[in-house]
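Here is a walk through one protein model. It begins at a single residue and then widens to the whole chain.

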Amino acid sequence: MREKMPHFDFFKKIKFLKPQDPAPSVLGWCFFFTLCLIFSLCLLDYRFVNGLHRQLLLITWFKTSNASSTEYAAKVGFLEVGGGGGGGDCDIYRGDWVWDESYPLYQSQDCMFLDEGFRCTENGRPDNFFTKWRWQPKDCNLPRFDAKAMLEKLRNKRLVFVGDSIGRNQWESLLCMLSSAVPNKTSIYEVSGTPITKHSGSLVFKFSEFNCTVEYYRAPFLVLQSRPPNGAPPNVKMTLKLDQMDWSSVSWNTADFLVFNTGHWWNYEKTIRGGCYFQEGTDIKMDMTVENAFRRSMKTLIDWIRHEVNLSKTHLIFRAYAPVHFRGGDWRSGGSCHLETIPDLSAPQVSYETYIEYKTVVDGLSENLSNGNIELLNVTGMTSQRKDGHSSLYYLGPSIGPAPIHRQDCSHWCLPGVPDSWNELLYAVILKREIQKRRI
C-alpha cells in the first residue's frame, strides 16, 4: 500500500522542486494556487454571508418590534389641532424611517406609467427591503395617503412638476400612487399620445374621470439652456441664460399646484466641463463659477414668480435637494451603492447646510418661504439616510440585466421607494393648505 506523504514533506517538496522537474513543479504550484483560491473564496463568502446575516437580523427585529405602532397610536395627527397642519408645532421633516409591512403603496408591475430604469425589482434587484420603510415624523402622524381623496382634490385642476430627472422620478411615483385608485386604467392617458420615455421634454397625463392632469416638464436648470450667441469662443458649446426662464415656462404659470426642483445639474461636470457656460444678456461670463450662476438663476426664478404666477390661485412648492449616495467615486468614476440594503438609521440626518444645492435654493427663496408664498418640501435630511433606495445596478431593463459594476446609478430611485414618501408629504401639505384657506 502506498504510504501517504506528510503535509510538511509535501510543502518541502514543492519548495525544493527544481526547474529540471517541470511536471511536478507545475502540478505543485497549481495545487498551491488552488488552495489559496479556495481559502480566498471561503473568506469572501463568509464576509458576504455574515453581512447579509446581520442585515436579515436587523430586518427581523424591525418586523417584530411593535414600538413604532405604539408610538404611532399615541401621536396627534398632522392635520388635527396640535399637529403642524392644525396649528401646532409638528415639523413633518424631523422624524425616522420605520418598518411598515403594509408598504409599498403599489407594485411596479401593476403600474404602466414607470420608466424601465426605475423598475428595480423587475430589473433583477434581489431584495425588496427598500420598499418597506415609512417616514414617521417625531411629533405627529402624517395622514395616510388616500389616492381617491387626492384625485378629488385635483378634480378640474393641474398638478405640474418642473425640474430634472429626479423630479421626474417623483412625478412617475405620483402617477403610480394615484392610478392605484382608478380601476379603468385606459381612462388615464398622455394627452399627445406620447409614451413614457426619459427622452421626452414634457408629458401630460390626464385622469379623465376627474378631469385633471398630472404633468412633467424637463427643465433641469429652470433657466434657459440654448446655443451660444454668434462670435462666442470655440470652447463654448452651449450657454445657460441666467436671466431667462426655460422656454416651457409659459405652460407652468397657470398650474393649480406647481412643484419645482433643481440642483443635480448645477455642477462643473454638467456645465463647464461639457462646454456649457453662463450668459446674461449677450455677455458670456467665462469666469463665473457654477455656484454664483446658480444663485443668479434663483433671482430670475423669483422675478418670474412675482410677475407671472398668481399665488392666490397657484400653490407653489419647491422640493428640496435629494442627496446622492455614491461611494468610492461618482457617476463617472465607478462610484457604487449596490451593496446597500437598509437605510442609515444609526447616523443622524446630515445637516441641510452641508449641501450647497439645498442652501442656494433656500437662500434664494428665503423671503417667499418666510411669508408663506412658497412652501419648501424639505426632503433633504430624511433622504440623506436612504442610501439603500437607489437604482444602482438595476436600471437597464429585464432583458439586459444588471449594469456593469462601474456604471451604477446612485442618484435616481427605485420605484416603489423613497419618492413615494416625498409624495406622502406633498399630500399632507396640500391638505394643510386647504385647511388654512377654510380658516381665512
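Where is the place of Asn-261? Asn-261 sits in the loop between strand S11 (257–260) and strand S12 (276–280). Strands (E, at least two residues) and helices (H or I, at least four) are DSSP runs, numbered from the N terminus. The model is predicted: local features need pLDDT of at least 70, side-chain atom pairs count only at pLDDT 80 or more, and totals for chains, interfaces and linings use all residues. Residues are numbered from 1 along each chain as its sequence is written, and side-chain values use heavy atoms, with hydrogens and water left out.

Is Asn-261 buried or exposed? Asn-261 is buried, because its relative accessible area is 3% and buried means under 20% (1.4 Å probe, protein chains only). Beyond its neighbours within four places in sequence, Asn-261 is in contact (heavy atoms within 4.5 Å) with Val-162, Gly-163, Asp-164, Gly-167, Leu-222, Phe-318 and Arg-319.

Now the whole protein. It has nine helices and 17 strands. Buried residues make up 49% of its 440 residues. Take the contacts between residues at least 6 apart in sequence: 76% of them join residues at least 24 apart.

The accessible surface comes to about 22000 Å², and 56% of that belongs to carbon and sulfur atoms. Accessible areas come from the Shrake-Rupley method with a 1.4 Å probe; for residues, only the protein chains shown count as cover.

Conventions: Buried < 20%, exposed > 50% of the residue type's maximum accessible area, 1.4 Å probe, protein only.
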